[in-house]
Amino acid sequence: MTNSSIIAYFDNISVSPEWCFKNVRSTEQWTHGYHRYPAKFLPNLVKKIIEDYTQENDVVADFFAGCGTTLVEAKVHGRKSIGVDINPVAELITKAKISPIEPSKIELEFETMLAKLEMFDADGHASREMHERIDYWFFPEHKNKIAFLYENILTVTDVTVKEFFLVSLSHILKNCSKWLQSSTKPQIDPHKNPTDPFSAFKTHTRMMINRNREFFNQLSKDSYLATDCEIRLEDARKTSIKSNSVGAIITSPPYVTSYEYADIHQLTAYWYEYITDLSGFRKNFIGTFYSLNQELNSDSELAQNIIDDLLKKDKRTAKEVANYFKDMKIVAKEMRRVLKKNGHVCLVVGNTTFFGVKIKSAEVFVEILESLGFKMVEIIKRSIPYKLIPTIRDKKSGRFSKLENKDSNLVYPEEYILIAKK
Ligand SMILES: C[S@@+](CC[C@H](N)C(=O)[O-])C[C@H]1O[C@@H](n2cnc3c(N)ncnc32)[C@H](O)[C@@H]1O
């Protein structure tokens with residue numbers, strides 16, 4: 001397609017109701033509800049793509065695996081899968097979600113853990129050295145309980161069980177901290193009364209045990225327990241996935257300068273000692289506000305038009321957007337390398353508006369994919385289900401804001417599924 005026909009196509013495309021899953025409210029089936037994760041996939045969407053675009057023997061890959069929705073769905077469909085993500089918290093969550101544990105085993109391990117929690121001495125102090133940011137986010141009484149829990153989890157010898165408990169603890173950290181509960185931004189709520197770590201851990205782990213049981217039983221019934229499923233802590237721009245080995249890539253790239261995953265996952269990252277400072281953690285994420293690159297040019301004409309319009313409003317944002325499209329072109333090349341001939345790439349992408357400039361990411365991605373030799377198969381427009389993604393962006397700062405006000409803009413009310421073939 002020429003660039004003007006890409007724009008015209010998107011201007012006229014209408015919403016496909018069969019991709020909206022309007023009546024689907026629960027996203028908690030199987031292990032999907034183990035951990036909150038910003039902008040996670042609707043499992044039904046991935047399920048439909050797997051059913052429509054993959055064969056039984058295909059390997060499915062997700063280059064921005066996040067909390068592993070694609071991998072979990074691939075496993076329940078008996079497809080081998082590989083996920084990649086730069087975020088160690090995403091790696092941990094995904095590992096637990098793709099690793100069914102024999103139900104009676106995890107129940108026993110949980111009983112043992114509960115017995116250990118009985119030994120907690122409120123006057124005792126945590127034995128570990130902790131990062132100063134932990135003191136910033138937690139009250140001492142909660143910090144001591146979390147430290148006790150964490151130390152006991154580390155003594156669990158079975159790695160899969162240990163990771164299962166670590167994910168449970170990671171999920172409850174926000175509730176047990178001073179972090180404003182309704183916000184994805186690191187912000188203290190001066191009025192918050194954090195949840196007790198032990199009761200939160202018990203409740204959440206019980207829920208996970210139930211989900212694990214359903215997942216395990218289903219996989220066992222279908223003989224998919226041993227289906228290969230792997231998450232790698234890698235950069236999507238340069239993965240270790242073998243060339244010409246993947247049947248379909250199903251992925252949703254980070255949105256440009258919207259979620260700062262490094263900031264959002266800092267509680268877990270500090271507790272589990274994945275990081276010592278945030279700046280190092282932030283810099284390898286694609287689409288981050290903290291990107292160091294000074295790019296202002298793009299070899300995509302559609303991207304360049306957006307960058308030029310943004311330059312008139314805000315130079316820093318223009319650079320961020322330019323970096324984003326540059327990085328995404330590198331990722332698209334990498335996707336082409338790993339795909340088999342006739343393999344499909346399925347990208348779920350949202351457009352947005354910054355400072356009044358429309359960031360037509362979907363249109364730019366079509367231009368990039370075609371420039372690399374992909375053939376577009378289908379472009380689907382869908383409306384985003386209620387509450388799965390924020391829809392308000394502050395007009396001045398460009399960041400997501402919770403409540404609509406006079407300075408806010410609606411963002412991502414719709415998204416696109418771009419399906420292209422190698
Ligand atoms: C929109 S989320 C994906 C959510 C995922 N579909 C799910 O269901 O959980 C985008 C992901 O891209 C990851 N990411 C950002 N930069 C990356 C990079 N350079 N390489 C690999 N992953 C990256 C983020 O950590 C985040 O998990």
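How many of the residues in the shell around the ligand are nonpolar, polar and charged? I looked this up first: the shell divides into 13 nonpolar, 5 polar and 4 charged residues. For these classes, Ala, Val, Leu, Ile, Met, Phe, Trp, Tyr, Cys and Pro count as nonpolar, Asp, Glu, Lys and Arg as charged, and the others, Gly among them, as polar.

**Ground rules.** I am working with a predicted model, where local features need pLDDT of at least 70, side-chain atom pairs count only at pLDDT 80 or more, and totals for chains, interfaces and linings use all residues. Residues are numbered from 1 along each chain as its sequence is written.

**Ligand.** I found 22 residues around the ligand, and Phe41, Phe64, Gly66, Thr69 and Asn87 come nearest. A residue is near a molecule or strand if its C-beta atom, placed from the backbone, lies within 6 Å of it.

**Domains.** I noted two: domain 1 covers 3-89 + 244-259 + 291-421, and domain 2 covers 103-215. These bounds come from an automatic or database domain assignment. Across the boundary, 11 residues of domain 1 are in contact with 11 residues of domain 2. On the domain 1 side, I read off 6 nonpolar, 3 polar and 2 charged residues. Contact here requires C-beta atoms, placed from the backbone, to lie within 7 Å.

**Two positive phi values.** Ala39 sits in the loop between α1 (3-12) and α2 (43-53); helices (H or I, at least four residues) and strands (E, at least two) are DSSP runs, numbered from the N terminus. Ser223, also a residue other than glycine, has a positive phi near 60°. I placed Ser223 in the loop between α9 (197-222) and β3 (229-233).

Is each of them buried or exposed? Ala39 is buried, because 21 other C-beta atoms lie within 10 Å. Ser223 is exposed, with 9 other C-beta atoms within 10 Å. The cut-offs are 20 or more other C-beta atoms within 10 Å for buried, 12 or fewer for exposed, and partly exposed in between, with C-beta atoms placed from the backbone.

**Val15.** I found Val15 in the loop between α1 and α2, and it is exposed, with 11 other C-beta atoms within 10 Å. Leaving aside neighbours within four places in sequence, Val15 is in contact with Cys20, Lys381, Arg382, Ser383 and Glu414. Val15 and Tyr416 are 401 residues apart in sequence, but their C-alpha atoms are 9.2 Å apart in space.

**Glu118.** My next stop was Glu118, in the loop between α5 (103-117) and α6 (132-137). Glu118 counts as exposed because it has 7 C-beta neighbours inside 10 Å. From Glu118 to Asn212, 94 residues apart along the chain, I noted a C-alpha separation of 25 Å.

**α7 against α9.** Helix α7 (residues 140-154) packs with α9 at an angle of about 45°, with the axes 9 Å apart. The two helices are therefore oblique to each other. In the contact, His142, Lys145, Ile146 and Leu149 of α7 meet Pro197, Phe198 and Phe201 of α9. I sorted those contact residues into 5 nonpolar, 1 polar and 1 charged. Axes are lines fitted to C-alpha atoms, for helices over the stretch in contact, and angles run from 0 to 180 degrees between N-to-C directions. Angles under 35 degrees count as roughly parallel, over 145 as roughly antiparallel, 65 to 115 as roughly perpendicular and the rest as oblique.

**α15.** Among the buried ones are Glu363, Phe365 and Glu367. Just after α15, Gly373 has a positive phi of about 100°.

Technical notes
Contact = placed C-beta atoms within 7 Å.
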